[in-house]
Amino acid sequence: MGHAEHGHIGQRVLRAEDERLLKGQGRYVADFEPAGTLHAAFVRSPYAHALIKRIDSSAALAIPGVKAVIDAAHMAGYIDKLRMPLGWPTKDLPPDITPYVLTPSEVCFVGEPIVMVLGTSRYIAEDGAAAVEVDYEPLPVVADVHSALLPDSPKVRLEAPSNVLKEFQVGYGDCEAVFRDAPHVFREKFSQHRGGAHPMEGRGLLAHYEPQHAALMIWASTQMPHELQFTVARALGLQDSMVRVTAPDVGGGFGAKFVIYPEEIAVAAAAFHCKQPVKWVEDRMEHFLSAIQERDQFWEVEIACSAGGQVLGIRGSMLHDQGAYTPQGINCAYNAATAVTGPYSVPAFHMDVKVVQTNKPYVIPVRGAGYPQGTFVMERLLDRAASELGIDRALIRERNLVPKEKMPYTKPLKARSGRHLVLDSGDYLGAQQKVLQAVDYSGFRQRQQAARAQGRYIGMGFAHGVKGTGRGPFESGSVRVSANGRITVATGAMAMGQGLNTAMAQIAAQALAVPVADVHVISGDTAHISMGIGGFASRQTITAGSSVHLAALEVAAKIRRAGAHMLQVPESELHLADGAVVHSADATRRVSYGDIARVLRGIPGYDLPPGVGAGLEAVVHWEPTDMAYVHGFHACEVEVDTVTGGVRLLSYLAMHDSGTLINPMICEGQIHGGIVHGIGNALFEYMRYDDQAQPQSVTLADYLMTTATEVPRLQVMFTQSPAPSNPLGVKGVGEAGTIPVTSAIASAIDDALRDFKVRVTQIPVDPVWLAGQMAAAERAAQGQPGT
Amino acid sequence: MTKLDAASRHDLTLRVNGRSQTVNVESRTTLADCLRHGLGLTGTHLGCEHGVCGSCTVLVDGVAARSCLMLAAQAQRHHIETVESLAVDGQLNELQQAFRELHGLQCGFCTPGILMTLTELLKTNPDASEDEVRRALSGHLCRCTGYENIVRAAMAALAQGGASHGPR
Amino acid sequence: MKPAPFNLHLPSTLDEALAVLAGSSNARAIAGGQSLMPMLNLRLAGVDDLVDLNGIAQLSGMAQDGDCIVIGAMTRQREIEQSALVARTLPLLSEAVGYIGHNQTRSRGTVGGSLCNLDPSAEIPTVAMAMDGELTIARQGSQRTVPMRDFALGLMSTCLDADELLTSVRLKPWPVKSGHGFVEFGRRHGDYAIVSAAALIELAPDGTVLRCSFTLGGVAHVPCRVPAAEQMLQGRRPEPEAIQKACAQASEIPALTDPAYPEWYRQRLAARLLERAVHLALERATPALTKTAP
């Protein structure tokens, strides 16, 4: 690590971006409006499955202000392929599974974009879209995965050979033998639904063709600017260097902006073709209809254990609803299946997974990326086993957690990269013990009984969750010192509210011994750094942080070399402090970074210092070799209204290990946000569809997100077990907060209703279902037959 | 009686952030769009356009309201205040400073609307409890912060005795 | 989501507004806009002529008129919430208004707008039904008064003709010593009620129920009284068992049903929430004093 003189790492440095944002001076895509901007609105399929028979745009074109009506036939002339390329292509996926930029003939989900209308305002573009006449021939609809698997099911897409996109197995050990011989086997079925990402700023893209450079300038609310650059360039037959993507302020991503969308290509192509700026800003309805979601997984699983609660094996099957298309692979399903064993040692494991297509919007990971679902399976199975075997829930976990003494602990499971999953560091049991003591778990039964005497049903629940973070293959980080001594950091990593820029500034400032305020960070701009991967999977602090750190160290090394030459002293007698390289014995002998940068800029006719090279900058593309495992243990108390089935959270405590914390304030904020997103998944968020795959919840009044009155104060504690696999010892934190939440809340509800033997196996928890359980119990108590 | 035809554009005079401004709008132009595009006050954001998310919240005669659910023409009778009015001589006011110090914002998209709601609360209920703060915030969706630090920042601002306000 | 084009009329008098309504085949009035603007933005409602009522001063305000309180249709929900007059004379309304949406919607939302939108679970229509409100309706050249029972015809459907406007609602306060209780279940604070219950109870000096009014929102197509329950408690001592039996009548009412909240669930909540409302009202009621009290 760099010098500790300016110890910025670990400090609660206030964010530089806040002043602008607080003053309302944020610049999101919607805020840009170059002269002559045309606004895009899309005609979207009202059917979940249909053939397009005829498109008549004459009425739309007659509206003053409508400048163009572009359908698939037009679009095919603007771009190389009408079909989107597969993002991050991997083997073993069938061909022709990606969406179309504009669909030419067969629409496969409600909301699929068919026609793009350009108008002088969004109002007029929507007028145009409403006036486009499209004749459809409805086709049979496949509305859910169970129907999709029936032998006589219609096809989700006529071109697809099967409604099953892919089947795969993960596992290890001898489940057959284990389950045959196990003293206890318990079976469960789980139904898990996670809805959409719903960043408060929706998707958006503004493309502006600059004829003097024959180049396309794009501002995009995206999590992957380099991928967008690459995809647009390819579609338009351009060099990468002729397309510039800048992400301005991005109002949250959460996975929704981590894929390239048809609309984005359509807008970029229209701008390039029309030679005018074209802007698309989605409204919330469009987000409901056509942005990615996570949606449904159905699990049938069984757990084998000893009488003492030792887990001997877990096996089962899972159906994952992928939607009609696959823009980017099936990592959500893969993650969920491989996440099941989590922080526990499970001797035998087997999961059969079917990724099934339906006539619904496509699925890629939302914050948490399948880990909450895998975690839920494990945690609920442990609670079930504990209940059946008469073992305390905390004790059964203690008996199966991988202890810290066994770290690094290699699981026989493999990640997508082919490497084994390795729990690298962490004290899971220690976290459990600390938290359960802090919430007075041992005293809870008494509190619960006292509440019961008052007619109140309260319960306590808890759960572990782990996730591998720091996904590769690399991230970019460049560090450059200007002639004025200020530092510029550029990275392909993306800021979307998580304070990335501040964290990178802290890392660079520490390595270079300067104040944080002297570091300016540019993230998400393809003009400032040539390569990058982007923001997802809790990777950026690890990957971009390491690259920035190492690049800063390279620059520091150059400073020393140049400084040694300029001061005519050996490097060993120099150190860095306050923006200068200083002689350790005589502080008056110093050269500022700025002076060194000026020298290394070069003066015509004069040689550069020997062995240093031009420029005071470095760029690193650090490649992770192993994932860094974050861990969280959450405990919460709930109260259940047995009349309405309503669930209220009374308290919430989380302990997390995210390794070295660059900025604890920012890390806490990430956990807060993750927890509340998880609460939404546990209690509120549900994308309802009818049996014609018509979405029923398409406004924020129907689709419920957690609000401030529905959360208690969140207490967050951190332990730090530095990751051995990166120079800073950091681990991810962006998603960690979401992972144990549904499990902890389900466990708490079960505990509150233990007299009724309720077991929550469906997420989100539905008050109607809970009330139904209560009603059945009431009838049974009165000696009446159940319904 | 005034009638604004659908087919034409109309000049209106609005009083926004203490200044009278002339804007040219359609009859259907929402107040939010008028503020953002007619007056360049892009600090007010659109998150849903059906009155739920709160990102568009402004003060109408000092009272928080959804600018996505008002027409620009309806605003003629009122004084509208947006987030741009909060800073004093370019400096963050006490409420904004509390947000900065306590990490009450992440992506910043929902923040301006929340600041306007809290600006009203600080004036009308300077002894607000945490429950009352959460109820005032219940009309705002935030996907980033989990509301925890927003509530802390609001309580800190209340404890300080309220926010100074920009020029009227 | 931007609205389709419409002509916008900004009348300053009731007569001007009524004239536009009479003269257009596709006109709607806009009050607080909290329900209509989302529908316009979503293009679920199409209108040629939008009549903005917000400039008509005579439609706002509250006043005592004889033994009634008259509330102008354009009175903001926020005004109701903050009104000492309402708190003192119409405490059920005061309690119910706090459940409507959020601060930011009550600042614009109006009493009249809520009554005319007539969402089956809306608080103001539920209170108007509980208190047998009288609604005054105007058209060009005439006006009429309609009791709430006759105003609320069906699911989000009032007796208003296309050229009529609701101008005010009259509510007759219950005696000061009567009790009120408004209870609802929504998923989150400020959400639409799934089911709500309003109870008004006046006790006789001997502690029996002299008069009671029980109303449910979110159950039937319109907020509905529960006469079976009212009759069962009339003249009886309001003991817990009697209350439970009476409120159980509420679960017999045919209820709205949808995939999220089926009929049986609304019926369950109807009975239980009404019970809670009745107990709340009883806590607040005190028996009427008479000259011959011991």
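**Reading loops and a sheet in a predicted model**

Modeller: Start with a loop. Ala537(A) sits between strand 21 (519–523) and helix 16 (540–567) of chain A. Keep in mind that this model is predicted.

Colleague: Is Ala537(A) buried or exposed?

Modeller: Compare its relative accessible area with the cut-off. Buried means under 20%. Ala537(A) has 15%, so this residue counts as buried.

Colleague: Now chain B. Where is Asn17(B) found?

Modeller: Asn17(B) is in the loop that links strand 2 (10–16) to strand 3 (19–25) of chain B. Its phi is positive, about 50°, although Asn17(B) is not a glycine. Apply the cut-off again. Asn17(B) has 16% relative accessibility and therefore counts as buried.

Colleague: On to peptide bonds. What is omega for the bond from Met407(A) to Pro408(A)?

Modeller: Read omega, then name the bond. Here omega is near -5°, and the bond is cis. Pro408(A) belongs to the loop between helix 12 (393–400) and strand 16 (409–414) of chain A.

Colleague: Which residue does a cis peptide bond join to Pro764(A)?

Modeller: Ile763(A) is the partner, with omega at about 0°. Pro764(A) lies in the loop between strand 29 (762–763) and helix 20 (767–781) of chain A.

Colleague: Let us turn to a sheet. What is the order of the strands in the open sheet of four strands?

Modeller: Read across the sheet, strand by strand. In chain A the order is 21-20-19-25, and the pairing is mixed.

Colleague: Why is one side of strand 21 and of strand 25 (617–622) of chain A left without a neighbour in the sheet?

Modeller: Count the partners. Strand 21 and strand 25 of chain A each have a single partner strand because they stand at the edges. From one strand to the next, the twist averages 15°.

Colleague: In which sense do strand 19 and strand 20 of chain A pair?

Modeller: Check the direction, then the bridges. Strand 19 (residues 475–481) and strand 20 (residues 487–491) of chain A are antiparallel, with five bridges. For one facing pair, find Gly477(A), which stands opposite Thr491(A) in strand 20 of chain A.

Colleague: Which strands does helix 15 (residues 500–512) of chain A touch?

Modeller: Look for contacts first, then the angle. Helix 15 packs on the sheet and touches strand 19, strand 20 and strand 21 of chain A. The direction of helix 15 makes about 135° with that of strand 21 of chain A.

Technical notes:
Residues are numbered from 1 along each chain as its sequence is written. Chains are lettered from A and ligands numbered from 1 in the order in which they are written. This is a predicted model: local features need pLDDT of at least 70, side-chain atom pairs count only at pLDDT 80 or more; totals for chains, interfaces and linings use all residues. Side-chain values use heavy atoms; hydrogens and water are left out. Helices (H or I, at least four residues) and strands (E, at least two) are DSSP runs, numbered from the N terminus. Buried means under 20% relative accessible area, exposed over 50%, partly exposed in between (1.4 Å probe, protein chains only). Two strands pair if DSSP finds at least two bridges between them. Axes are lines fitted to C-alpha atoms, for helices over the stretch in contact, and angles run from 0 to 180 degrees between N-to-C directions. Contact means heavy atoms within 4.5 Å.
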